[in-house]
Amino acid sequence: MMNRRELLTTTAAFGLLAAGRAFGAAAPYDLVIKGGYVIDPASGVNAVRDVAVAGGKIAAVAATIEAGGAQTVNAAGKYVIPGMIDIHSHAGDTQGGPAMNLEDGITGYVDAGSRGADKIDDVIAVVKSGPQLGRILINIARTGLLPGGELQDINNADVALARDTIAKHRDVIAGIKARLSKNVAGNNDVEALRRAKEAAAPSGVPVMIHIGQSLSPLSQVMALMKKGDIVTHLFAPPPEAIVDDAGKILPSVIEAQQRGVWFDMGHGRGGHFRWDTTEKILAAGFLPDTLSTDWTPQGRVAQFVDLPTVMSKLMYLGMSLEQVVACVTCNAARVFEAFREKGSLKVGSPADISLLELRGGGFDFLDNYNEKRTGKQKLFPAGTVLAGKWIPRPA
Ligand SMILES: [Zn+2]
């Protein structure tokens, strides 16, 4: 009789044979991640498991997997989660940005509005040459991000031009971004969003809006948001935060969430994340759908805005490890169509895997206002599998 280990191995091997692999191959797997603690919210796995990879796909997840001649990675003491997806990043605006993100365990990202129609080719070139899957939100302002605010002149929001650019680059453009803060859009916030929605209509792509400190009431903005659209900077402090002074989430925000609008963090560096507002929102029971960095090379250093650190900050505020993992894996994968196959370690899924280490000690965490809090634990990237290939964490 076969013992459990042999049975599992045999079953997995048969699975691969059925998928058309040649008989007599030395090992049925290319890579086995051994002994890590797997958290895969999409399939409900929350236990020590081995994970086997073959042909760029997840081939098996089981208590023990015989590696045979496959490459093995010892993940004992580490967490093994689906490859992390950062849906609000500016990695596409920096040469080498995607590769830097891969070092942090990011196997998919969305460049959220760095560029508009005028210079979209620059960001497309970076995204297409990066190692992992990236998608682009085109800024509704043709200029892209401007330090003085790209929507101060509403003529920058050229609907026809944005539409044409999306149609031309639909393979990489996954949506539209509109920044609605007073310092970006002045009085034009609602009109800018209206134009973004108009530009999105023919292709049906979602619109991501950047909220917080807008001139128009947030309820007016929320009224234009449809199922599948995304609100980023959900923890932004007042004016026009999603929570009122009494700690109640605005009814227009609850209604938007109920009709399927996503709420994303977008950590960023200025005006988007303050401890007290975030605590109020979480205390009201309103949880983010996704955690994201609003990544830039400067932010990665200045406030340690890498995704594992962002996750650690929310754990400090009381979210569980399973919750923050869901935010950056299965939840993030659902927001944009290009990532829907990802975000899970189910057999047959693309073999994108992030390893994380949860270290104990004293860790200083900053909000966007440089107020320091000290947490007792912090997540660190500990290696990545991208499309079945092991990429060790650089020393
Ligand atoms: Zn951003």
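This is a predicted model: local features need pLDDT of at least 70, side-chain atom pairs count only at pLDDT 80 or more; totals for chains, interfaces and linings use all residues.
**The zinc ion.** Show the zinc ion together with its donors: His88 and His90, each through NE2, and Asp294 through OD, coordinate the zinc ion at 2.0 to 2.2 Å. If you then follow these donor residues along the sequence, you will find them spaced as H-x1-H-x203-D.

**The whole chain.** Zoom out and colour the protein chain by secondary structure, which comes to 13 helices and 15 strands. The radius of gyration of the protein chain is 22 Å, close to the 21 Å that the globule rule gives for 395 residues, so the chain is as compact as a globular protein of that length. Along the principal axes, the C-alpha atoms fill a box of roughly 75 × 45 × 40 Å. Of the 395 residues, 57% count as buried, and among contacts between residues at least 6 apart in sequence, 71% join residues at least 24 apart.

**Helix 11.** Now select residues 307-316, which form helix 11, a mostly covered element in which 9 of the 10 residues are buried. The buried residues are Leu307, Pro308, Thr309, Val310, Met311, Ser312, Lys313, Leu314 and Met315. Step just past the end of helix 11 to Gly318, where phi is positive, at about 115°.

**The loop between strand 11 and helix 8.** Move on to the loop that runs between strand 11 (230-232) and helix 8 (251-258), in which Pro239 lies. The peptide bond from Pro238 to Pro239 is cis, with omega near 0°. Select Glu240, which has its place in this loop between strand 11 and helix 8, and note that its phi is near 65°, a positive value in a residue other than glycine. Glu240 is partly exposed, with a relative accessible area of 25%.

His233 is likewise found in the loop between strand 11 and helix 8, and phi of His233 is near 65°, again a positive value in a residue other than glycine. His233, however, is buried, because its relative accessible area of 1% falls under 20%.

**Leu133 in strand 8.** For the last stop, select Leu133, found in strand 8 (residues 133-139). Leu133 is partly exposed, with a relative accessible area of 25%. Leaving aside residues up to four places away in sequence, Leu133 touches Thr107, Gly108, Tyr109, Ala338, Phe339 and Lys342. Finally, draw a distance from Leu133 to Leu345, a residue 212 places away along the chain: the two C-alpha atoms are separated by 17 Å.

Note on methods
Residues are numbered from 1 along each chain as its sequence is written. Side-chain values use heavy atoms; hydrogens and water are left out. Helices (H or I, at least four residues) and strands (E, at least two) are DSSP runs, numbered from the N terminus. The radius of gyration is taken over C-alpha atoms; the globule rule is 2.2 Å times the number of residues to the power 0.38. Buried means under 20% relative accessible area, exposed over 50%, partly exposed in between (1.4 Å probe, protein chains only). Contact means heavy atoms within 4.5 Å. Donors are N, O and S atoms within 2.8 Å of the metal (3.2 Å for Na, K and Ca); water is not among the atoms, so sites may look incomplete.
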